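Thanks for making the time this morning.

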Amino acid sequence: MQIIASGLIFGCIYALAALGLVLIFKTTEVANFAHGEMAMITTFISYVFLSKYGFPYLAALGLALLFALVFGIVVYVLVMKRVQSAPHLNQVVLTLGLFMIFNGLAGLKWGYQPTSFPEAFHGDPFKLGSIFISTNEIFTVGLTLVLMLLFFLLFRFTKAGLGMRAASQDIMASELMGIKVSGVFMGAWAIGTALGGIAGMMTAPVTFLSPNMMGEVLIIAFAGAVLGGFNSLPGAVIGGLIVGVFENLVSYYVAPELKIVFTFLLIVVVLYIRPQGIFGGAKIVKKV
Amino acid sequence: MLKLSDVHVYYGHVHALRGLNMTVEDGKIVSLLGGNGAGKSTTLKMISRLIQPKKGSYEMDGQSMLKDSPSRVVKKGIIHCPENRRVFPLLTVEENLKIGAYSRKDKNVKEDLEKVFLYFPRLKERVKQKAGTLSGGEQQMLAIGRSLMGKPKILLLDEPSLGIAPILVKEIFEIIKKINKDGTSILLVEQNANMALGISDYAYVLENGHIALEGHSQDLRNNDEVRRLYLGG
């Protein structure tokens with residue numbers, strides 16, 4: 001029980017990171033390899049607010065997320081928008097370039113020495129039913145649930161959400177209906193980056209704060225996203241959770257070093273049986 | 001009134017439109033005929049500003065539209081219902097129709113929804129159904145209904161008969177006539193020249209990117225060359 005519960009808690013972080021990836025991919029068809037590094041920079045910014053200016057945790061979190069929204073928009077407007085008409089593969093390679101740049105810049109500015117990063121709430125774990133859980137972990141799970149609910153409501157019931165869903169299905173038809181597609185793309189980058197940023201701030205207390213902190217998280221988030229189908233938002237969340245639990249089970253029963261290996265083995269098996277991922281529907285064929 | 005003069009469009013090195021001249025007068029149905037690759041869809045895409053012409057002018061009611069974005073063109077009442085319908089398959093019928101009203105700021109969307117249902121009662125029966133589950137004919141109705149939600153002054157229809165059962169084609173063409181009677185000008189692109197000439201006031205025949213022939217639809221129907229090339233004898 002305890003292993004599954006802990007897995008679910010870390011799975012929430014993967015789910016958040018995967019949600020950001022899938023959101024950007026679903027709307028813009030670009031797999032953003034710089035997602036983790038953008039999250040890492042957001043986390044560093046929150047650390048600056050926390051340590052240098054002494055803001056309380058939640059204020060620093062809020063400011064960092066505001067930064068992430070703007071950061072996403074800047075990356076889109078300055079970089080991705082200019083290459084929007086290029087083949088998708090080229091755009092993906094460009095995000096790999098951004099990965100290097102952000103990683104290098106963060107290293108220059110803040111150094112590669114891992115620093116400890118505070119949790120949102122301190123305190124020892126307590127017993128809840130048959131499992132041990134800390135206030136901070138409850139916060140992580142709660143935040144994930146709230147964000148997901150918010151997302152669901154946004155997509156389901158607002159005009160902007162409807163526009164995003166339309167744009168993710170057919171860009172040309174959306175444009176012909178008067179939707180400003182670049183605005184929708186900008187929104188996806190902003191929100192996607194903010195989601196990644198939250199994942200970063202949840203990761204940092206565990207892995208320590210350093211420019212390379214998101215490497216493994218991003219890979220596993222990608223795995224979760226692929227598992228969930230890569231173009232399904234609920235799929236991203238469930239994929240992230242499954243990977244989190246699976247990874248924890250492997251760490252406990254096999255060996256911690258092998259968790260990534262087994263995680264990818266799981267994905268190979270799942271994709272072997274269901275090539276479109278668990279929630280990926282039949283591919284919509286676009287006619288040009 | 002929509003007016004194109006001497007429009008040239010290139011796809012890379014391919015000269016797709018070569019000095020196109022055409023006019024859609026208010027209240028009329030104008031058809032644009034021609035074979036595959038003649039430039040019919042390109043013309044519509046140019047009008048809805050998805051494609052930028054290299055040369056030429058494009059005016060709506062005397063104002064140049066060449067600086068406008070696609071969403072501005074929609075706001076000005078020129079709405080393009082694309083080829084192959086392109087409804088949003090994972091959205092419901094109702095959501096698809098609401099997307100059609102996306103650029104509008106007024107609150108009368110509900111009323112217009114009812115108006116669309118008057119034209120297409122079938123859509124009302126399927127209002128909560130995902131658009132991807134509709135038949136081809138129903139999807140075409142939805143695509144036209146979606147365009148109507150944007151309150152078009154001019155509706156650009158790209159091959160509404162494509163891949164649809166003949167009985168439904170007839171029904172859809174009747175509705176197009178009705179929409180026109182209710183005050184919307186229509187620019188109709190069709191391969192099915194017979195049907196198109198049957199409902200339109202004026203027609204252009206496009207060949208290799210320029211207008212090869214134009215005239216009142218009635219006259220073109222009786223023109224020997226048109227009969228031979230487009231009406232099957």
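At what angle do helix H1 and helix H9 of chain A pack, and how far apart are their axes? Before I answer, please keep in mind that what you see is a predicted model. Helix H1, which covers residues 2-28 of chain A, packs against helix H9, residues 215-228 of chain A, at an angle of about 70°, and the two axes are 8 Å apart. Since angles of 65 to 115 degrees count as roughly perpendicular, H1(A) and H9(A) are therefore described as roughly perpendicular to each other.

If you look at the residues that make this contact, H1(A) brings Ile13(A), Tyr14(A), Ala15(A), Ala17(A), Ala18(A), Leu21(A) and Val22(A), and these meet Val217(A), Leu218(A), Ile220(A), Ala221(A), Phe222(A), Gly224(A) and Ala225(A) in H9(A). By class, the contact of H1(A) with H9(A) comprises 13 nonpolar residues, one polar residue and no charged residue.

Staying with chain A, an unreviewed UniProt entry places the feature "transmembrane region" at residues 6-25, 56-79, 91-111, 131-155, 176-199, 219-246 and 253-273. For residues 131-155 of chain A, the end C-alpha atoms lie 34 Å apart, and the span is 84% helix and 12% strand. For residues 253-273 of chain A, the end C-alpha atoms lie 25 Å apart, with 76% of the span in helix and 0% in strand.

Now to chain B, and to its sheets. One is an open sheet of four strands, in the order E2-E1-E4-E5 of chain B, with antiparallel pairing. Strand E2 (14-24) and strand E5 (63-64) of chain B each have a single partner strand and stand at the edges, so one side of each is left without a neighbour in the sheet. Lying across strand E1 (2-11), E2 and E4 of chain B is helix H1 of chain B, residues 40-47, which runs at about 70° to E2(B).

Another open sheet in chain B has six strands, in the order E6-E7-E8-E3-E9-E10, and its pairing is mixed. Here strand E6 (78-81) and E10 of chain B are the edge strands, each with a single partner strand, so one side of each has no neighbour in the sheet. From one strand to the next, the twist averages 15°.

Both pairing senses can be followed at the ends of this sheet. E6(B) pairs with strand E7, residues 154-158 of chain B, in the parallel sense over four bridges, and the bridge partner of Cys81(B) in E7(B) is Leu157(B). Strand E9, residues 202-207 of chain B, runs antiparallel to strand E10, residues 210-216 of chain B, with six bridges joining them; Tyr204(B), for instance, has Glu214(B) as its bridge partner in E10(B). E9(B) and E10(B) form a hairpin with two residues between them, and Asn208(B) in that turn has a positive phi of about 50°.

Finally, a word on confidence. The predictor gives the complex an ipTM of 0.92 and a pTM of 0.83. Chain B averages a pLDDT of 94, with 99% of its residues scoring at least 70, while chain A has a mean pLDDT of 89, with 97% of its residues at 70 or more. Over residues 284-288 of chain A, however, the pLDDT is below 50, and beyond near neighbours in sequence this stretch has three contacts in the model.

How values were computed:
Residues are numbered from 1 along each chain as its sequence is written. Chains are lettered from A and ligands numbered from 1 in the order in which they are written. This is a predicted model: local features need pLDDT of at least 70, side-chain atom pairs count only at pLDDT 80 or more; totals for chains, interfaces and linings use all residues. UniProt positions are given in the numbering used here, feature names are shortened, and annotations may be inferred rather than shown by experiment. Two strands pair if DSSP finds at least two bridges between them. Two residues are in contact if their C-beta atoms, placed from the backbone, lie within 7 Å. Axes are lines fitted to C-alpha atoms, for helices over the stretch in contact, and angles run from 0 to 180 degrees between N-to-C directions. Angles under 35 degrees count as roughly parallel, over 145 as roughly antiparallel, 65 to 115 as roughly perpendicular and the rest as oblique. Ala, Val, Leu, Ile, Met, Phe, Trp, Tyr, Cys and Pro count as nonpolar, Asp, Glu, Lys and Arg as charged, and the others, Gly among them, as polar. pLDDT is the predictor's confidence in each residue, from 0 to 100.
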